Amino acid sequence: MTIASSSPPSRLPLGSAEEAATKPRTRKARAREGGGDGRLAAVFIAPALLGFLVFLLWPTLRGIYLSFTRFNLLTPAEWVGLDNYTRMVHDPIFWDSLKVTVEYVFINIGIQTVSALAIAVLLQRLTQSAMLRGIVLTPYLMSNVVAGIVWLWILDTQLGIGNEIIAGLGFDRIPFLADETWAIPTIALINVWRHVGYTALLLFAGLQAIPNDMYEAAKVDGASEWRMFWRITMPLLRPVLAVVLIMTVIGSFQVFDTVAVTTNGGPANATNVLQFYIYGAAFGRFQFGYASAMSVALLVVLSAITFLQYRLTRAGQTDLG
């Protein structure tokens with residue numbers, strides 16, 4: 001009996017199989033493979049992009065347009081060209097508000113940066129307790145309004161516990177928030193108290209990126225803690241410190257809520273910072289065009305300061321190899 005033999009399945013030559021395996025994918029094939037990831041990324045990005053467009057980009061463009069108009073909510077916006085900017089240049093209250101704001105920024109940034117850097121170095125060199133870091137961050141969890149009200153009670157001239165302690169020590173009571181000399185430094189210190197822990201933790205994170213080997217090598221060479229701070233810590237922390245400075249300067253120029261709940265711009269406009277003056281022009285006197293012009297001027301000033309800080313501090317470069 002004859003058994004029919006089945007023919008073996010046809011196979012590609014070995015060279016052709018290897019060629020097919022190593023053949024580069026076409027652009028369309030790569031696009032098809034990456035299409036799923038791209039669509040998924042778009043889904044995750046969409047909410048943030050929508051928020052950026054609705055709450056940041058559109059209000060900015062709308063504010064720039066209104067800065068060239070006379071607008072009070074009751075009548076349509078009337079185009080006035082550069083009239084609002086001309087008025088701003090000749091407005092003594094605007095320049096006084098800018099001077100008060102700059103004074104606040106210098107006090108706040110100077111004390112906050114030095115204090116935060118000291119706290120961060122102590123946390124990194126002496127202890128890395130998570131509980132201690134939580135305690136340092138606690139004031140930041142309080143809103144600016146609540147912090148302002150609490151310190152308003154503490155520093156009250158007649159009933160505040162702060163002035164009670166001062167009087168108990170035999171000194172005269174100090175009108176911290178009712179005196180032209182004390183008001184801005186006091187508001188600056190209130191905001192330092194609230195933000196210094198958060199700033200310190202940002203710097204602490206930067207310190208964690210510095211290799212420990214550098215400190216150990218410096219100790220072997222006989223370097224003191226002070227010398228290691230200036231020769232190792234500060235140069236290697238510079239990029240993080242630069243970014244922190246940019247963030248804190250921008251935030252300081254936008255101070256508003258602490259002033260609103262403690263001094264309301266007084267006494268005698270001593271704490272009438274620029275944001276508070278803009279708010280008064282817009283929602284107190286309904287001069288939205290003029291308020292928008294001052295807001296655009298503040299935007300230009302902050303953009304220029306940020307650019308200069310970024311270039312001078314070389315925030316985008318690092319000395320770590």
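User: Which helix holds both Asp-96 and Lys-99, and how many residues apart are they?

Analyst: Both lie in helix H4, residues 92-125, and they sit 3 residues apart, about one turn of the helix. Helices here are DSSP runs of H or I with at least four residues, while strands are runs of E with at least two, numbered from the N terminus. Before going on, note that this is a predicted model, where local features need pLDDT of at least 70 and side-chain atom pairs count only at pLDDT 80 or more, while totals for chains, interfaces and linings use all residues. Residues are numbered from 1 along each chain as its sequence is written, and side-chain values use heavy atoms, leaving out hydrogens and water.

User: What does Asp-96 form with Lys-99?

Analyst: Here is the general idea: side chains of opposite charge can pair when their charged atoms come close. A salt bridge is a side-chain nitrogen of Lys or Arg within 4 Å of a carboxyl oxygen of Asp or Glu. Asp-96 forms a salt bridge with Lys-99, and their closest N and O atoms are 4.0 Å apart.

User: How many salt bridges does the structure hold?

Analyst: There are 3 salt bridges. Glu-78 pairs with Arg-70, with the closest N and O atoms 3.2 Å apart. Arg-173 pairs with Glu-164, and there the closest N and O atoms are 3.2 Å apart.

User: At what angle do helix H6 and helix H8 pack?

Analyst: Axes are lines fitted to C-alpha atoms, for helices over the stretch in contact, and angles run from 0 to 180 degrees between N-to-C directions. Helix H6 (residues 144-154) and helix H8 (residues 183-208) pack at about 130 degrees, with their axes 10 Å apart. H6 and H8 are therefore oblique to each other; under 35 degrees counts as roughly parallel, over 145 as roughly antiparallel, 65 to 115 as roughly perpendicular, and the rest as oblique.

User: Which residues of H6 meet H8?

Analyst: With contact meaning heavy atoms within 4.5 Å, Asn-144, Ala-147 and Trp-151 in H6 meet residues of H8 including Ile-190 and Trp-193.
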